[in-house]
Amino acid sequence: MVDEVWPAGLGPVICVVGARPNFMKMAPILRAFDAHHPAIPTLLVHTGQHYDKDMNDRLFVDLRLPHPDLNLEVGSGTHAVQTAEVMRRFEPLLDTYRPSCVLVVGDVNSTLACALVCAKKNVPVVHVEAGLRSYDRAMPEEINRLLTDQIADRLYTTERSAHANLAREGVAEERVRFVGNVMIDSLLANREHARAPATTLRLAGLDPALVVGASGYGVVTLHRPSNVDRIETLAPLLSVLREVSERVPLVFALHPRTRANIERFGLSEGLASRRIALLPPQGYLEMLGLLAGAKVVLSDSGGLQEETTALGVPCLTLRENTERPITVEQGTNTLVGSDPQAIRRGVEAILAGAGKNGRIPEYWDGRAAQRIAADLARWLLTQPSQHTSLHG
């Protein structure tokens with residue numbers, strides 16, 4: 001057993017969040033760091049890459065997440081502008097707080113930006129959710145994942161296939177640890193607190209009867225540029241969703257980008273149906289309740305592929321590829337792309353009882369963050385000379 005007090009010469013772990021999915025991943029990590037013996041000191045930095053005050057406040061409450069120690073308030077912009085601005089504002093923090101390492105999660109622009117700054121400043125980088133690959137370099141997230149993993153000193157994976165990806169890219173095996181999925185830590189910790197779907201609809205001024213009928217209901221989310229930025233893709237998707245709603249009512253949580261494009265392309269009429277409930281972006285507990293009660297989920301979200309697998313809910317992913325293959329191989333996920341025929345077939349199979357049952361992947365057990373805390377503390381505490389040289 002190590003001493004109960006963190007060594008005075010070893011700085012805090014700077015933990016970075018930048019967008020909504022990061023919050024779900026970081027909340028259990030911060031709790032595990034606080035519960036570890038000795039407690040691992042942290043500094044929570046929100047880059048402000050995505051910022052909606054009301055939504056952020058709800059997420060903090062829902063996830064029991066402490067408010068950030070620092071908010072860089074970067075805001076939106078092109079990928080290049082946003083990445084550069086995060087780097088510019090993040091760099092001085094390393095000199096001020098002299099961290100033992102910087103922990104980044106996922107694959108958003110803030111993840112790569114902060115990792116790049118650390119590489120230039122010789123500060124160790126820890127990447128949670130490392131090694132995931134879609135092999136689609138048209139996705140900005142794929143570039144962020146690839147480069148962050150090349151920079152990272154300690155890499156924590158959610159599935160064993162990630163290790164083969166990293167090995168092919170020349171990442172040394174001793175830098176990588178399989179710990180499981182912190183997103184599932186959050187899901188399991190919060191499932192009992194999830195809001196009932198009928199309550200969510202009623203509070204939104206919609207008819208709760210839509211989600212309590214014998215036929216069940218489906219949940220839809222769409223936000224990826226490849227699906228929503230071109231009318232040639234978005235119009236057929238909305239048309240097939242309208243068809244699907246005749247078989248099973250749908251709850252469609254509209255991303256701001258998707259809503260704006262629907263209006264810009266004049267496609268609003270296509271969703272004007274009593275069988276489709278349109279909602280604004282939902283809080284974590286509201287969305288968790290909707291997913292847990294759904295008969296089918298249709299989405300292009302990476303996180304929802306994982307959450308539906310953990311919940312045992314069939315998911316049709318409206319993408320041609322996935323960086324989370326375990327959700328297809330072991331879970332409840334099926335890739336259908338944006339092809340209306342494939343979507344129809346997938347929905348019909350699920351409604352006929354032939355959807356994937358799946359199983360819970362290894363280490364998706366609610367204890368991934370604890371494994372990260374134990375390994376990271378051991379790693380930091382056994383190499384003091386390295387960190388003395390970094391900040392001395």
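Predicted model: local features only at pLDDT ≥ 70, side-chain atom pairs only at ≥ 80, totals over all residues.
Is Gln305 buried or exposed? Its relative accessible area is 0%, and buried means under 20%, so Gln305 counts as buried. What does Gln305 touch, once its neighbours within four places in sequence are left aside? The contacts are Cys315, Thr317, Arg319, Thr322, Arg324, Thr327 and Asn333.

Now let's step back to the whole chain. Its secondary structure comes to 17 helices and 13 strands. The C-alpha trace spans about 65 × 40 × 40 Å along its principal axes. For 392 residues, a compact globule would have a radius of gyration near 21 Å, and the chain agrees because it has 21 Å. Of those 392 residues, 55% count as buried. If you take contacts between residues at least 6 apart in sequence, 70% of them join residues at least 24 apart.

Strand 1, residues 13-17, pairs with strand 2 in the parallel sense, over five bridges. The peptide bond from His37 to Pro38 is cis, with omega near 0°.

Strand 2 has another partner too: strand 3, residues 70-71, pairs with strand 2 in the parallel sense over two bridges. There, His46 stands opposite Asn71. Why do we call strand 2 largely enclosed by the rest of the structure? Four of its five residues, in the run 42-46, are buried, and that is the reason.

Let's go inside. In soluble globular proteins, nonpolar side chains tend to be buried together. In this model, the largest nonpolar core has 63 residues, and Val13, Met26, Ile29, Phe33, Leu103 and Leu376 touch the most other members. Apart from that core lies another one of 27 residues, among them Val220, Val244, Val248 and Leu316. Going back to Leu376, and not counting residues up to four places away in sequence, we find that Leu376 touches Val13, Phe33, Cys101, Leu103, Val126 and Tyr156.

To finish, here are two tyrosines with backbone angles to look at. Tyr135 has a positive phi of about 60° although it is not a glycine. You'll find Tyr135 in the loop between strand 5 (125-128) and helix 5 (140-151). With a relative accessible area of 53%, Tyr135 is exposed, since the cut-off for that is over 50%. The other is Tyr363, where phi is also positive, at about 65°, and again the residue is not a glycine. Tyr363 lies in the loop between helix 15 (340-351) and helix 16 (368-381). Its relative accessible area is 32%, so Tyr363 is partly exposed.

Notes:
Residues numbered from 1 in each chain as written. Heavy atoms only, no water. Buried < 20%, exposed > 50% of the residue type's maximum accessible area, 1.4 Å probe, protein only. Pairing = 2+ DSSP bridges. Contact = heavy atoms within 4.5 Å. Rg over C-alpha atoms; globule rule 2.2 N^0.38 Å. Core = buried A, V, L, I, M, F, W, Y, C linked by side-chain atoms within 4.5 Å.
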